[in-house]
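Please open the structure in your viewer and keep the selection tool at hand.

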Amino acid sequence: MLQQIADELIKTSSYINGRWCDMPAKFAVVNPANQQLLAQVSDAGAAEAEQAVQAASTAFAGWAALPAAKRSELLQRWYQLVLQHQDELARLLTLEQGKPLSEAKGEIAYGASYLQWFAEEAKRLYGDTIPAPANDKRIIVQRQPVGVVTAITPWNFPNAMIARKAAAALAAGCSFVVKPAQQTPLSALALAELADQAGIPPGVFNVVVGSDAKAIGAVLTQHPLVAKFSFTGSTAVGKQLLKQCADGVKRVTMELGGNAPFIVFDDADLDAAIQGLLASKFRNAGQTCVCANRILVQRGVYQAFADKLAIAITQLKVGDGLNGDSQIGPLIDANALEKVSNLVQSAVADGARLLLGGKADSAGKQFYQPTLLCDVRADMAISRAEIFGPVAPLMMFDTEQDAIALANSTEYGLAAYFYSRDIGRVFRVAQQLQFGMVGINEGIISNAAAPFGGVKQSGFGREGSQYGLDDYTELKYLCLGGL
């Protein structure tokens with residue numbers, strides 16, 4: 001099943017201090033599309049996580065001392081290698097994660113774009129000279145790397161979430177240890193192989209793969225040599241990891257859950273809104289943190305929008321991600337399928353109308369039909385939970401203020417979307433939405449040049465953009481006297 005992928009990219013053990021660390025214990029990685037075994041991967045634990053942190057600490061001083069231009073050059077090499085192997089990396093990603101191959105190729109390019117972006121930003125880590133209070137003094141501000149950075153990344157974007165964090169950390173001069181999700185370790189290990197080929201020094205980039213997330217996570221959040229921790233995942237897990245970081249007063253970046261509203265005003269271009277919603281809602285079978293979770297449609301266009309959306313959804317093709325025409329792949333596991341199914345059944349029981357879908361798909365055990373629900377209310381469980389499946393719940397609103405109030409009535413604040421052709425409304429609504437990112441007449445908002453992150457219980461910190469190095473650097477103030 002791992003055919004058409006170069007042997008050098010198929011790694012099954014942790015990468016620590018420039019070496020592949022085989023372990024006697026193994027855990028299985030399976031294809032979610034057909035539950036077939038892909039690989040038996042060495043099961044590392046707390047001891048290996050500690051080794052990785054120690055290695056990163058040892059490597060930090062030398063890496064931080066490298067000229068920024070040299071770090072940039074190595075990141076550029078890594079970027080070029082990822083692009084050279086894009087097709088193989090995409091196939092590997094689809095096999096272990098399930099998303100359509102075209103989307104997987106997009107993810108590889110997206111992840112690589114962060115390597116390229118931060119390779120360039122590494123050379124722009126500027127400081128300041130501040131006017132001093134006296135002629136015989138000088139005030140200088142430098143930006144220095146925080147030290148060892150650890151991270152835990154999710155299964156839904158197993159390549160890009162690592163590249164986005166590691167690129168910024170390494171560009172700033174930090175060393176890096178990551179634990180990828182147990183379901184999708186192969187993409188992370190392939191990235192490590194390419195980092196090695198690019199010439200990233202031993203200990204600077206480390207990957208610890210294992211099934212005991214609690215034990216490994218305890219090391220990555222509590223080890224005294226760790227300066228910063230970065231997490232992408234659920235809010236519930238993020239809160240626990242945040243507590244673990246507190247005793248060490250560690251720098252933390254949290255990119256947590258979302259409950260994105262997608263608002264369609266009555267002056268919107270409905271066809272454009274449909275296309276934007278399809279891209280936002282059904283990408284990766286709805287398993288994205290910025291995916292449209294609540295679709296709020298103004299009363300005057302509600303029925304027309306629902307009719308158009310129903311036609312568009314019926315044209316979506318469900319199937320194995322390796323099939324060329326597949327647009328909706330499997331959910332990651334049986335628990336994910338059960339959660340989505342329960343949310344839909346609960347909504348229908350509470351009065352929502354099921355227009356399309358609503359059950360498992362014949363494509364396989366972990367496939368769920370693209371589903372359209374109408375007459376959903378804000379008090380339903382499906383309106384409060386992060387669905388993480390191909391389900392579009394439609395809610396009706398009357399006024400602009402109603403839409404804003406509904407959109408903001410969530411503990412989350414990651415992404416929001418709205419469609420309108422009224423320029424005044426565009427600025428009013430964008431200002432009042434309590435979310436870190438807002439797509440206006442656009443369903444796909446992520447790119448390396450933009451700051452990615454949320455507010456409220458969706459976390460804090462920003463990844464990507466010119467601001468992306470801020471969380472990986474400390475400001476040092478130098479006061480020169482007697483001049």
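Begin with the lining of the largest pocket, whose residues divide into 18 nonpolar, 14 polar and six charged. Here Ala, Val, Leu, Ile, Met, Phe, Trp, Tyr, Cys and Pro count as nonpolar, Asp, Glu, Lys and Arg as charged, and the others, Gly among them, as polar. The model is predicted: local features need pLDDT of at least 70, side-chain atom pairs count only at pLDDT 80 or more, and totals for chains, interfaces and linings use all residues. Residues are numbered from 1 along each chain as its sequence is written, and side-chain values use heavy atoms, with hydrogens and water left out.

**The largest pocket**

Select W155, F231, G233, S234 and V237, which are the closest to the pocket's centre of the 38 residues that line it. The volume of this pocket is about 890 Å³, a volume being the space filled by probe spheres set on grid points, which are joined across faces, edges and corners. A pocket is an open set of points on a 1 Å grid over the protein atoms alone, where a 1.4 Å probe fits, with protein on both sides within 12 Å along at least five of seven lines; lining residues have an atom within 4 Å of a point.

Next, colour α7, β10 (226-232), α8 and α11 (334-349), the elements that give two or more residues to the lining. Helices (H or I, at least four residues) and strands (E, at least two) are DSSP runs, numbered from the N terminus. The most is given by α8, with six residues.

**Helices α7 and α8**

Select residues 213-222 for α7 and 235-246 for α8; these helices pack at an angle of about 45 degrees, with their axes 8 Å apart. Axes are lines fitted to C-alpha atoms, for helices over the stretch in contact, and angles run from 0 to 180 degrees between N-to-C directions. The angle therefore makes α7 oblique to α8; angles under 35 degrees count as roughly parallel, over 145 as roughly antiparallel, 65 to 115 as roughly perpendicular and the rest as oblique.

Show G217, A218, T221 and Q222 of α7 with L241, Q244 and C245 of α8, which make the contact (heavy atoms within 4.5 Å). Three of these residues are nonpolar, four are polar and none is charged.

**Helices α3 and α6**

Move to α3 (residues 86-97) and α6 (residues 185-198), whose axes come within 8 Å and cross at roughly 155 degrees. Therefore α3 is roughly antiparallel to α6. Display L89, L92, L93 and E96 in α3, which meet P185, L186, S187, A190 and L194 in α6. This contact has seven nonpolar, one polar and one charged residues.
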